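Here are my notes on the model you sent over. Have it open while you read, and go through the points in order.

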Amino acid sequence: MKDIKVKDEDLKTQNGLSEGMDRRAFLQKTTMVVGAAMGASLVGSLTSLPISAASNSSIIESKKVKPKLVFPVISDVHMNKNSNQTLEKFKTTLDQLNLLVPKQDAFVVVGDLTDNGYTEEYDKFFSAYNAKKQKHADSMIAIGNHDYWNGLSVSEAQKRFLERSGMESIYFHKVIKGYHFIILGTEDGLTEGTFSITQINWLAQQLKQAAQDDPNKPIFVFHHQPIMGTVYGSEWGFTENRDLFYNTLAPYPQVISFSGHTHYPLDDPKIIHQKDFTSIGTSTGAYLWLDAGRIQGEVPEGADILNQALIVEVYNDKVLLKRRDIHNNNWTAEPFVISLPAKKNEFIYTEDRDKKAPFFTKDALISINHELTTPTSLAVMFTQAKDDLLVHDYKVEITDTSKEQKVKEFLAFSEFYKDPTPNPLTLQIDGLQPNTLYEINVFALDAFENQSQNALKVLGKTTDGEIKDITITLSKNTLTGTTETVDVLVENARVPQSDWIGVYEVSETPGNVPAIWWEYTKVTNGTYRVSYDPSKNSYPGRYQSGKTYKFVYFYGSGYDAVTHATFTVN
């Protein structure tokens, strides 16, 4: 997975409004119809909306024909020495997969077993794994970038990984029941990943051997970072030797390439990609990450609930890739089906496979939630759109009616990653002027960026009042040493949308380096409080006496800095 903040660092409910929210409740929750200015526009249906197609179809449940080969694939467990959260999630994953697949031929982990590659983290991982793994299942484990982040040299970090995992090398080739598994290893702790020419040349030889063995069988290839330009989230993939890597796989349409790292959810249809071969992302057992540029942030609130896995079933004529919500104890959407023998001209999961735009049905509702209206913000609440695959985003346009001028435009997730997906969806619009009437237009976009032709439209007016700047007040601006704590008070903060606060040396630029310490904000009545304890620093070596530091407050999970306050350590 990417460095969070080095950046720094049952079935889904898709039909109808969320349980307990009918038409009457919708209108009671929102502004009543009062002329054109404050009216709720009725332009779509309360019977919603398959945001992603999910069902208990016969393809989900195993048929009488038993698969020739079956194995789970997981990734990015991120075992942490200071917390048992991911340990407990990992135990749940293993228990659930053992119930679903009682006779596994293999078990694959695609990197980032640990948060930092510490001995204690490996101990946690393998204490759970060895206790619950099926004895006859072959373990195949790839190394990820986080497994290098322990302060050891590259060679020593690899040695620790191999000793703890029992793998023969960081890249190796196994044949199980006549099927070829090729495990690749990122060669250092670089976030984007490193795959050397030497390793890629080795890969070429293994692919040639596997294809000669049986050209009609799938070849399974596993690597932590994705190939850029393939699956959903592959913007986080590697650039060095990318084309050589891709072109090495390209002559083999029977390749199914599994990657982790991104933490992007399996729910999105672009998590699979076919052009010259098949690529698929493997999600995470730790926490959700999403595309940049949406108001909920790349790591939205509640992101740590996500826990997903793939179950691969191989038959004579097809491979099924089943997507499992471990956290929801159910499937998410239909399995992907790869026909055998694989032929490029028969691939169905191509980049241009979806040309149908989402749409709002004629009875959809939209309104302003008056309970959340302030002098600088409005909350728009609306029935979600429909799409044949997945409504991914909404484009929201805000126009100041007095000036007839568009003053704001943003993207927001449909929150398809939640279980159940919220319907209606409420979006907070910040940065507005007091006592001003705005027209709000909402367009739907699917995962392939097709935009709805129709939009939902509503008028809303902010309340009168004073605009107050966000401020940070420290209990002391000079500390007596590197162990002294300081109380931090943030006032006039907004309701968090993955907002966070971090500590940097005063001359450092956030984003160029990770935060020395950070956490997501929890705001009550516009106020956020935290007692900063330097013993919790993620990078203690950068926190030293005789230097000046700054607390920086950010909107969203990126680096939109709002304000800061400085302090000095004597």
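1. A definition to begin with: two strands count as paired if DSSP finds at least two bridges between them. By that rule strand S8 (residues 255-259) and S10 are a pair, because four bridges join them. S8 and S10 run parallel. One of the contacts to look up is Ser259, whose bridge partner in S10 is Gly281. Keep in mind throughout that this is a predicted model.

2. Now the sheet around that pair. Six strands make up an open sheet, and their order is S5-S6-S7-S8-S10-S9. The pairing is mixed. Which strands sit at the edges? They are strand S5 (172-176) and strand S9 (272-274), each of which pairs on one side only. Ignoring direction, neighbouring strands of this sheet are turned by 20° against each other on average.

3. Helix H6 (residues 197-213) packs on this sheet, and it touches S5, S6, S7 and S8. The direction of H6 makes about 175° with that of S6.

4. S5 and S6 run antiparallel and are joined by five bridges. Ile176 has Tyr179 in S6 as its bridge partner. The two strands form a hairpin with two residues between them, and Lys177 in the turn has a positive phi of about 55°. As a reminder, strands of a sheet pair through backbone hydrogen bonds, either parallel or antiparallel.

5. On to the aromatics: the structure holds 40 aromatic pairs. Take Phe181 and Phe222, whose ring centres are 6.0 Å apart; their planes are at 5°, so the pair is stacked. This pair links distant parts of the chain, with Phe181 in strand S6 (residues 179-183) and Phe222 in strand S7 (residues 219-223), 41 residues apart.

6. Trp236 is in the loop between S7 and helix H7 (242-249), while Trp289 is in the loop between strand S10 (278-281) and strand S11 (308-314). That puts the two residues 53 apart, so to speak a link between distant parts of the chain. Trp236 counts as partly exposed at 21% relative accessibility, whereas Trp289 counts as buried at 0%.

7. There is also an aromatic cluster to colour in your viewer: Trp500, Tyr504, Trp518, Tyr520, Phe554 and Tyr559. Two lysines lie over rings as well. The charged end of Lys81 sits over the ring of Tyr118, 4.4 Å from its centre, and Lys395 lies over the face of Phe443, at 5.4 Å from the ring centre.

8. Last, helix H3 (residues 85-100). Its 16 residues reach 23 Å from the first C-alpha to the last, close to the 22 Å expected at 1.5 Å a residue. The buried residues of H3 include Leu87, Phe90, Leu94 and Leu97, and also Thr86, Lys89, Thr93 and Gln96. What covers the buried residues of H3? Among the covering elements are strand S2 (69-74), strand S3 (106-110), helix H4 (119-132) and strand S12 (318-325).

Technical notes
Residues numbered from 1 in each chain as written. Predicted model: local features only at pLDDT ≥ 70, side-chain atom pairs only at ≥ 80, totals over all residues. Heavy atoms only, no water. Phe/Tyr/Trp six-rings, centres within 6.5 Å; stacked < 30°, edge-to-face > 60°. Buried < 20%, exposed > 50% of the residue type's maximum accessible area, 1.4 Å probe, protein only. Lys NZ or Arg CZ within 6 Å of the ring centre and 35° of its normal. Expected span 1.5 Å × (residues − 1). Contact = heavy atoms within 4.5 Å. Axes fitted to C-alpha atoms, helices over the stretch in contact; angles between N-to-C directions.
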